[in-house]
Amino acid sequence: MALPPRTADTGQAAPAAAPAPVRPSRTPAVRTAARHPRGRWLSPAAVNTALALAVLYTLFPLVWLVTAATKDAGGLLAGDALSFEGFDLAGNLSRLATEGDGIYFRWYANSLLYAGAGAALCALICVAAGYAFDKYRFPGKEKLFGAVLLGVLVPTTALALPLYLLASKIGVVNTYWSVLVPVLVNPFGVYLARVFSAGYIPDEALEAARIDGAGELRVFWSIGLRMVAPGLVTVFLFQFTAIWNNFFLPLVMLSDQRLFPVSLGLYAWHGNAHGEPSFYPLVVTGSLLAVIPLIIAFVTLQRHWKAGLAAGSVQ
């Protein structure tokens with residue numbers, strides 16, 4: 001019979017160790033449920049279902065617009081816009097091109113001018129301002145930047161009347177300049193540009209260019225602007241979308257239909273459609289064509305976003 005072990009000091013038997021408690025075994029499913037009590041709501045099937053519903057909710061207006069553009073006034077008023085029965089897209093496009101001596105495509109060109117030129121100049125101005133706020137030190141810099149951020153909180157509709165009074169005082173109401181000049185600066189774009197400048201432009205590269213004898217404008221144009229290209233594209237796309245969908249500012253500034261953007265022109269046609277239903281197909285078909293530049297802009301410029309996101313993974 002084995003004797004219990006004794007301690008070295010007293011020679012008395014050491015107390016026996018307490019038996020380890022027996023834990024009930026858990027199946028993998030029980031362990032997973034205990035670890036993730038809401039796992040069933042975050043399962044791949046649930047997430048994919050939620051994403052599919054979100055995609056359908058987002059694409060449904062576009063699908064309706066595509067099918068409704070193939071209808072005549074009778075088909076639209078009959079309520080069968082989601083079918084392709086009575087397909088007449090070519091006829092709607094022909095009537096759209098001839099209505100008002102082709103005024104719609106004049107509006108389309110105006111929107112391209114306002115959105116294209118305005119977004120390009122605005123992106124350049126915002127990137128230059130954000131670069132200056134990030135890389136230069138001058139008195140009152142942070143206070144001035146705070147004032148710029150306050151501009152983000154002001155809705156654009158609240159600025160329409162003051163802008164109209166200013167345009168009226170200098171005599172540019174009912175001209176291209178009355179719509180183009182106010183969209184050249186975007187406070188949120190300046191904020192984004194400063195963030196991109198801080199993350200994409202190292203100070204060492206600018207110092208090396210200055211040591212080589214480059215001036216400040218050359219440093220910005222040749223080095224800073226190229227490094228912050230993803231930010232430039234981001235500001236451009238945001239501003240392009242905002243100007244293309246802009247409605248209230250042209251409504252306040254313009255009275256000549258030849259200067260209307262496409263959004264304001266379609267609104268005028270929609271007002272006529274209540275008395276003359278033949279305008280309904282023109283409004284729907286014109287709305288479908290108005291979506292195309294936005295799709296082209298995002299599809300062609302999205303690679304710059306991808307390049308900017310990948311740049312941070314190798315630093």
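**In which loop does N174 lie?** N174 sits in the loop that runs between α7 and α8 (176-180). Helices here are DSSP runs of H or I with at least four residues, strands are runs of E with at least two, and both are numbered from the N terminus. This is a predicted model, in which local features need pLDDT of at least 70 and side-chain atom pairs count only at pLDDT 80 or more, while totals for chains, interfaces and linings use all residues. Residues are numbered from 1 along each chain as its sequence is written, and side-chain values use heavy atoms, leaving out hydrogens and water.

**View 1. The whole chain, as a starting point.** The chain contains 15 helices and zero strands. Of its 315 residues, 31% are buried (under 20% relative accessible area; exposed is over 50%, partly exposed in between, with a 1.4 Å probe and protein chains only). Take the contacts (heavy atoms within 4.5 Å) in the chain that have a separation of 6 or more: 72% of these join residues 24 or more positions apart.

View 2. Most residues other than glycine have a negative phi. N174 has a phi near 65°, a positive value, and is not a glycine. With 26% relative accessibility, N174 counts as partly exposed. D101 also has a positive phi, near 60°, and is a residue other than glycine. Look for D101 in the loop between α4 (89-98) and α5. Is D101 buried or exposed? D101 counts as exposed, because its relative accessibility is 79%.

View 3. Helix α6 has 13 residues and spans 19 Å from its first C-alpha to its last, close to the 18 Å expected at 1.5 Å a residue (1.5 Å times one less than the number of residues). Buried in α6 are K141, F145 and V148. These three lie on the same side of α6, because they cover an arc of only 55° around the axis (the arc of the directions from the helix axis to the C-beta atoms).

**View 4. Helix α11 and its neighbours.** Helix α11 takes in residues 216-227, 12 residues that reach 15 Å from first C-alpha to last, close to the 16 Å expected at 1.5 Å a residue. V219, F220, G224 and L225 are buried in α11. Their arc around the axis is only 145°, so they lie on the same side of α11. Covering these buried residues are helices including α5, α10 (203-211) and α12. On the other side of α11, you will find R218, W221 and R226 exposed.

**View 5. A close look at A273.** A273 belongs to helix α14, residues 262-273. A273 counts as buried, because its relative accessibility is 1%. Leaving aside residues up to four places away in sequence, A273 touches F279 and Y280. Now find A73: A273 and A73 are 200 residues apart along the chain, yet their C-alpha atoms are separated by 10.0 Å.

**View 6. The largest pocket.** Rolling a probe the size of a water molecule over the atoms shows where empty space is left. On a 1 Å grid over the protein atoms alone, a cavity is a set of points where a 1.4 Å probe fits but cannot get out, and a pocket is an open set with protein on both sides within 12 Å along at least five of seven lines; lining residues have an atom within 4 Å of a point. The largest pocket has a volume of about 630 Å³ (the space filled by probe spheres on grid points joined across faces, edges and corners). Its lining has 23 residues, with T156, L159, P182, V185 and Q239 nearest the centre. At least two lining residues come from each of α6 (141-153), α7 (160-170), α9 (187-200), α12 (229-244) and α13 (248-253). Which helix gives the most to this lining? That is α12, with four residues. The lining holds 17 nonpolar, six polar and no charged residues (nonpolar: Ala, Val, Leu, Ile, Met, Phe, Trp, Tyr, Cys and Pro; charged: Asp, Glu, Lys and Arg; polar: the others, Gly among them).

**View 7. The largest cavity.** The chain has one cavity of 30 Å³ or more. The largest cavity holds about 40 Å³ of space. Around this cavity are Y114, V179, I243, N246, P250 and P261. By class, the cavity lining has five nonpolar residues, one polar and no charged.
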